[in-house]
Amino acid sequence: MRLLNFRRSLAVFCLTFVIVGSSFGQKAINSGSVKSGFEVPVSDAPTASVQMVVFNNQNVNCTNLNSLHANGVGDIRFSHILENNELKLDFGTPNGTFPFSSGNGRLVIGPESPNRSLTVSSSGSSISSWSSQLPITAVILKAGNDSYVFPYKPFSSGDTNLATGAQQSISHLTFCFGDPSGPTAGEGSISGRVVDSFGNGISKAQLVLINGATGESRITLTSPFGYYTIQGLEVNELYVLNVSHKSYEFGEKQRTISLTDGLSDVDFVGQTVQ
C-alpha cells in the first residue's frame with residue numbers, strides 16, 4: 001500500500017512539473033523574415049530611459065524594425081519607425097563624434113547630413129552615453145549572435161547607460177534616424193574634459209545639463225579619457241551644468257553657461273575623496 005501511494009504521489013509530481021515547466025518558454029512573433037524581440041524589464045537596463053528589446057540570433061537593422069509595424073498592424077513598439085534611415089558604425093565599441101555621412105567605418109542608408117553629427121561613448125557590451133543632432137528613433141547594439149534594441153518613441157536626442165548584459169562586446173552600432181528636415185533639439189553644443197589634479201581623465205563622471213528656461217535636463221558620462229560632449233542644444237539659452245563622480249569631489253562642480261554657439265573647453269577638476 002505504501003509503495004502504491006508513493007507511485008501515485010510521484011506521478012502527480014511529474015505531471016505538475018511538466019505543466020508548470022511548459023509555461024517558462026517565450027514565443028516570438030513572426031513578421032516577415034524578422035521575429036519580434038523579447039522586452040527586457042527596465043531593471044535589467046538600469047538607467048536607460050526606454051526598455052530594451054532583444055532579438056535572439058538575429059542581425060537586425062532599421063529596415064527590419066520598420067517592417068515590424070506597417071499600416072496599423074504589427075509590433076506597436078516599432079510603430080514610430082517610418083523610414084529605413086540609419087547610421088551604422090561598423091566597428092567594435094565606437095567612441096567619438098561621427099557625421100551622418102558614409103566613410104571610414106560609417107555607412108549611411110538614406111539622406112546624408114555631413115554637417116550633423118552623433119557622439120557616442122561605449123565599452124564592452126554597453127553604451128555609456130550618446131547624443132545626436134538628428135532625431136534618433138532606435139539604437140541597435142549588435143553583440144555576439146544577438147541584437148539589443150532601444151526604441152525611442154517618437155524620437156530622442158540622447159540617452160545614457162544602455163546596458164545589454166551580454167558577455168560579448170559590441171561588434172557594431174546602428175542608429176535609426178528620422179527625417180533630417182524634421183524637428184531637432186538645436187545647433188549648439190557644450191564639450192570639455194573632466195580630469196583629476198594630475199591632469200588624468202576621469203572616466204564615467206556624470207554631467208547634468210539643465211535648461212534654465214524650460215527645466216529640461218540632459219545627462220551624459222565622460223569617456224574613458226574624461227571627454228564629454230552634449231550636442232543638439234537650443235542656442236541663446238541659459239544653462240546650468242553640474243558634474244559629479246562617486247570617487248571625486250569638485251571645488252567647482254557647477255557652471256552657469258549662456259550658450260550662443262558651440263562651446264568647448266568647459267573643463268572640471270576633481271580631487272579624490274578622502
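The tour starts with the whole chain and then moves to single residues.

Keep in mind that you are looking at a predicted model. Of the 274 residues in the chain, 45% are buried. The chain exposes about 14,200 Å², and carbon and sulfur atoms supply 53% of that area. Now think about contacts between residues at least 6 apart in sequence: 60% of them join residues at least 24 apart.

Next, select Lys-88, which sits in strand E7, residues 86-89. Is Lys-88 buried or exposed? Its relative accessible area is 19%, and buried means under 20%, so Lys-88 counts as buried. Show its surroundings too: leaving out residues up to four places away in sequence, Lys-88 touches Gly-105, Arg-106, Leu-107, His-172, Leu-173 and Thr-174.

Now for the aromatic rings. The count comes to five aromatic pairs. Select one of them, Phe-100 and Phe-177: the ring centres are 5.2 Å apart and the planes are at 75 degrees, so this pair is edge-to-face. Phe-100 belongs to strand E8 (residues 95-100) and Phe-177 to strand E13 (residues 170-177), so the pair links parts of the chain 77 residues apart.

Then select Trp-130, Tyr-152 and Phe-175 together, which form one aromatic cluster.

For the last stop, pick Arg-255 and Phe-268. Arg-255 lies over the face of Phe-268, at 4.6 Å from the ring centre.

Note on methods: Residues numbered from 1 in each chain as written. Predicted model: local features only at pLDDT ≥ 70, side-chain atom pairs only at ≥ 80, totals over all residues. Heavy atoms only, no water. Helix = DSSP H or I, 4+ residues; strand = E, 2+ residues; numbered from the N terminus. Buried < 20%, exposed > 50% of the residue type's maximum accessible area, 1.4 Å probe, protein only. Contact = heavy atoms within 4.5 Å. Areas by Shrake-Rupley, 256 points an atom, 1.4 Å probe, with all protein chains shown as cover. Phe/Tyr/Trp six-rings, centres within 6.5 Å; stacked < 30°, edge-to-face > 60°. Lys NZ or Arg CZ within 6 Å of the ring centre and 35° of its normal.
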